[in-house]
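I opened my notebook today to look up a few things in a protein model. Here is what I wrote down, entry by entry.

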Amino acid sequence: MENVAAPSEINSDVEDQDKEYVGFATLPNQVHRKSVKKGFDFTLMVAGESGLGKSTLVNSLFLTDLYKDRKLLNAEERITQTVEITKHTVDIEEKGVKLKLTIVDTPGFGDAVNNTECWKSVADYIDQQFEQYFRDESGLNRKNIQDNRVHCCLYFISPFGHGLRPLDVEFMKALHEKVNIVPVLAKADTLTPSEVKKKKFKIREEIEQYGIKIYQFPDCDSDEDEEFKQQDQELKDSIPFAVIGSNTVVEAKGRRVRGRLYPWGIVEVENSAHCDFVKLRNMLVRTHMQDLKDVTRETHYENYRAHCIQSMTRMVVKERNRNKLTRESGTDFPIPTGPGLADTETEKLIREKDEEVRHRAEHGHGHDHQHGHDLNNEHVHEHNHGHDHEHEHGHEQHQDPHVEHEAHSEHHPPYPEGS
């Protein structure tokens, strides 16, 4: 007959396990609950010339119509248009998780005949978001800071060129240290599969040749499973992502899919054999959204913040050195509005301050200085007069004991005779 454990013994084993179980294994659940309650935010910038399907791709990625109120410009209006920044914000909820999505568009970029430094307004916008976050972080109300920093920039490359154009190179080199750049080969349905492969290789080669730092996918840990490592390698090999966007549903072989209907067939947007749309969406949303935010916070924003603090420190040192020269005790100094604060502006502020101090010294303090000088002379004269009087009096006092000492020495010789 088998021995059956008594109920008291089973209960004691459970109690022993409970004693060994502290409970910090529930920390991920606590963080998850708190994060879901707070919600998430993500800012995506799309850049590239008009007609490459930026708006269509964004609507396809997030299944929303962000551009329903947009007014399309004709050719004449597009020529005279300058680069401007537009923001579209939408709140998306999926399975109880709320995401505040902000799309930053750059209409007019690359559309002009002369595109010299047309990326400057884009770089200024990114710096402005960093500056606003830095001021909020340094202010009194730090609990409810709204994060508008750009976490990712999808840069659309035209499929009609031989790789990268000079504008593409200049844009990415100007912004690669400010934002995570993910290059995208637009309108991939205009190319054959072999052309897509050749263009991808050419673009990757030129990115390395010109020293452009695009967003790097983090390396897999050694303990990751093989399937995850394979997916990660496929993502790295897919750069730049060849994408097709579509917001219309077509019927293909009895199935309703999002795609484009051509006389020779149907291009399916969500078919990985047709384009890299699914890979891009999975990378942006499912696998690397948090890493994009982390790199923005830990690398790009930290570089901006360090530059700001160094500029402020240099200005404080200059102000202190100048105060030593002018013997002024002013400590007010302007906080730089960004890392691009030129030294010429600082020198101008210092010159203005010097002129103000000099003007005040000549007109405001001239009479007081002269009056103080006369008072000082009078004080010195009185001091000298009193000092002379005391000196004579002290000399007389010094002479009297000497005389007494000589008279005393006549009556009492210091040594007896014959000693």
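**Entry 1: the cysteines.** I began with Cys 153, and I found this residue buried, at a relative accessible area of 0%. Before going further, I reminded myself that this is a predicted model. Next I looked up Cys 152, which also counts as buried, with 0% relative accessibility. How many disulfides does the structure hold? I found 0. A disulfide needs the two sulfur atoms within 2.5 Å. Cys 153 is in no disulfide either, as its nearest cysteine sulfur is that of Cys 152.

**Entry 2: a sheet.** I then turned to the strands. I found an open sheet of 3 strands, in the order β7-β8-β9, with antiparallel pairing. Which strands stand at the edges? They are β7 (249-252) and β9 (265-268). Each has a single partner strand, so one side of each is left without a neighbour in the sheet. On average, neighbouring strands here are turned by 70° against each other, direction ignored. I also noted what holds such an arrangement: strands of a sheet pair through backbone hydrogen bonds. Looking at one pair, I saw that β7 and β8 (residues 255-262) run antiparallel and are joined by 4 bridges. As an example, I picked Val 249, whose bridge partner in β8 is Arg 258.

**Entry 3: salt bridges.** I looked at some of them.

- Lys 178 meets Asp 127, with 3.0 Å from N to O. Lys 178 lies in the loop between α6 (166-175) and β5 (181-185), while Asp 127 belongs to helix α5 (residues 120-138), so this pair ties together parts that are 51 residues apart in sequence. Lys 178 is partly exposed at 21%, whereas Asp 127 counts as buried at 17%. The cut-off for buried is under 20%.
- Arg 297 and Glu 298 meet through their side chains, at 3.1 Å from N to O. Arg 297 is partly exposed, with a relative accessible area of 36%.
- Arg 165 pairs with Asp 168, and their closest N and O atoms are 3.4 Å apart. Is Asp 168 buried or exposed? I found Asp 168 buried, at 0%, while Arg 165 is partly exposed, at 27%. Salt bridges with shared partners join Glu 49, Arg 165 and Asp 168 into one network.

Notes
Residues numbered from 1 in each chain as written. Predicted model: local features only at pLDDT ≥ 70, side-chain atom pairs only at ≥ 80, totals over all residues. Heavy atoms only, no water. Buried < 20%, exposed > 50% of the residue type's maximum accessible area, 1.4 Å probe, protein only. Pairing = 2+ DSSP bridges. Helix = DSSP H or I, 4+ residues; strand = E, 2+ residues; numbered from the N terminus. Axes fitted to C-alpha atoms, helices over the stretch in contact; angles between N-to-C directions. Salt bridge = Lys/Arg side-chain N within 4 Å of Asp/Glu carboxyl O.
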